[in-house]
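Have a look at the model first.

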Amino acid sequence: MILVMRLRETLYSSILFQDISFFDREAVGDLTSRLGADCQKLSHVIGNDVHLILRNALQGTGALINLMTLSWPLALSALVICFILSMIFLFYGQYQKRAAKLFQEYTAGANEVAQETLSLMRTVRIYGTERKELGRYKQWLDKLAFVNIRESVAYGLWNMSFNTLYRSTQVIALLLGGMSILSGHVSPEQLTKYVLYCEWLIYATWRVTDNLSSLLQSVGASEKVFQLIDLLPSDQFLSKGVKLQKVMGHIQFVNVTFHYPSRLTVPILEHVNFSVKANEVVAIVGISGSGKSTLVNLLLRLYEPSSGQIYIDGFPLRELDIRWLREKVGFVGQEPHLFHMDIKSNIRYGCSRHIEQKDIEWAAKQAYANEFISSLPDGYETVVDDNLLSGGQKQRIAIARAILRDPAILILDEATSALDSESEHYVKGVIRAMGNDVKAKRTVIVIAHRLSTIKAADRIIVLDSGRVVEMGDNTELLLKDGLYAHLFKIQTDALA
Ligand code: ATP
């Protein structure tokens, strides 16, 4: 139990410290299946197989020594039977190992489908695809059943070959032994001993091979577990990096080009150059898919640029201690997700300094979240998760979380998209105040599709297909009559 606990812990920590690109490749259901079913399978090895193999190996060796002291030829004949058994096992064992690997793979596949469907249950219900999803799950179950049946047939054949071999040995031993007793070559006592020791030896060989097959099954199942454990943690956790005395919030992108590791042929950002002064409020604008969130991902160092460099206060981002830097950055994403814990803990999440209840309430008030939180049955103690709050309420909690951190750099990626106009107006006011407050100056980067949200920004950067095409304040860009003016016109026309 202790070993399995440690195995799970090691596997979980190995997964947690991987690069974000790892999570782009691996499916969540597959990983949870490795943590659950595969580790459980390994517990069987440790709990049963190893000690049974050892015990039977010892028993078999004892029986063999006794057989040898009894008679060399008799011992040899028993050994031949054991040898044949081992040969059959060689094929069977290999087969079992492959089957076990398939079994775990299919279990992970079934898990992945179930996890996806259950977490997207609302979409499934609205589109009425329950039967289709059931069919998708059943496909995996059918594959699992097929592997299971083949495995059972192979086990049956293996058992049959053992029994045939063993029983025929007994019959032959009795026949030949009986004749030898009659002719006076062997005593009845010797024959009885032979039959007993032979039984011990063959049974021990069978049990060893049988448990070995179960062990091989577990080895097959655990291959992926050990592959995951062997992965090196992300570079970000290996190298220490520099900690600055204070983050001023001066950001520079110098000739940054980037493509996602999962799509190497599709460039997302190309030769991006811009800088954001400390305490400036900068907005990033562009049509959907132009690479705005990707810029933020690079700034948060979730991915490394393919070429070019990002600087914070003049230091290359990759040379800074990223965990320390992330503490100085507040981020509110497009679809904030909440943890299944109380609201208080959700607001306090990831904040390393000492936080009191009044700080949490202050942050919630700033984010216009205090009112709805207080109306919940247990107030700040109410346990929530993603499904229990509206989109706007989740965004307000995420904004409160960012405000509480008192960050030097605040990044808002469509952070107010789910808010009603009135709340958005107030929250925007707070964010602007956060930027202008002399005591707590900070750099603010805002991404918003609603251009009214970012009109007042000090500077607006316009992105088009991963390139910076325009830069300036609202008035300058409108005068320029470029992409920004075009987007602005479309939105004002739509409103009119
Ligand atoms: P939106 O306004 O809709 O949020 P955006 O401008 O923020 O869009 P990004 O999210 O930066 O756009 O996406 C830019 C491109 O990168 C898109 O074509 C998207 O498909 C691709 N992309 C985003 N995330 C990944 C990822 N993890 N792996 C591969 N490609 C990705």
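This is a predicted model: local features need pLDDT of at least 70, side-chain atom pairs count only at pLDDT 80 or more; totals for chains, interfaces and linings use all residues.

Residues are numbered from 1 along each chain as its sequence is written, and side-chain values use heavy atoms, leaving out hydrogens and water.

Start with helix α1 (residues 2-16) and helix α7 (residues 188-230), whose axes sit 8 Å apart at an angle of about 55°. Helices here are DSSP runs of H or I, at least four residues, numbered from the N terminus; axes are lines fitted to C-alpha atoms over the stretch in contact, with angles running from 0 to 180 degrees between N-to-C directions. α1 and α7 are therefore oblique to each other, since oblique is what remains once angles under 35 degrees (roughly parallel), over 145 (roughly antiparallel) and 65 to 115 (roughly perpendicular) are taken out. On the α1 side, Leu7, Thr10, Leu11, Ser14 and Ile15 meet Val225, Phe226, Leu228 and Ile229 of α7, contact meaning heavy atoms within 4.5 Å.

Now find helix α4 (residues 72-119) and helix α6 (residues 130-183): their axes come within 9 Å and cross at roughly 165°. That makes α4 roughly antiparallel to α6.

While you're on α6, pick out leucine 175, which lies in that helix. Leucine 175 counts as exposed because its relative accessibility is 54% (exposed is over 50%, buried under 20%, partly exposed in between, with a 1.4 Å probe and protein chains only). Its C-alpha is separated by 92 Å from that of isoleucine 251, 76 residues apart along the chain.

Notes:
Helices (H or I, at least four residues) and strands (E, at least two) are DSSP runs, numbered from the N terminus.
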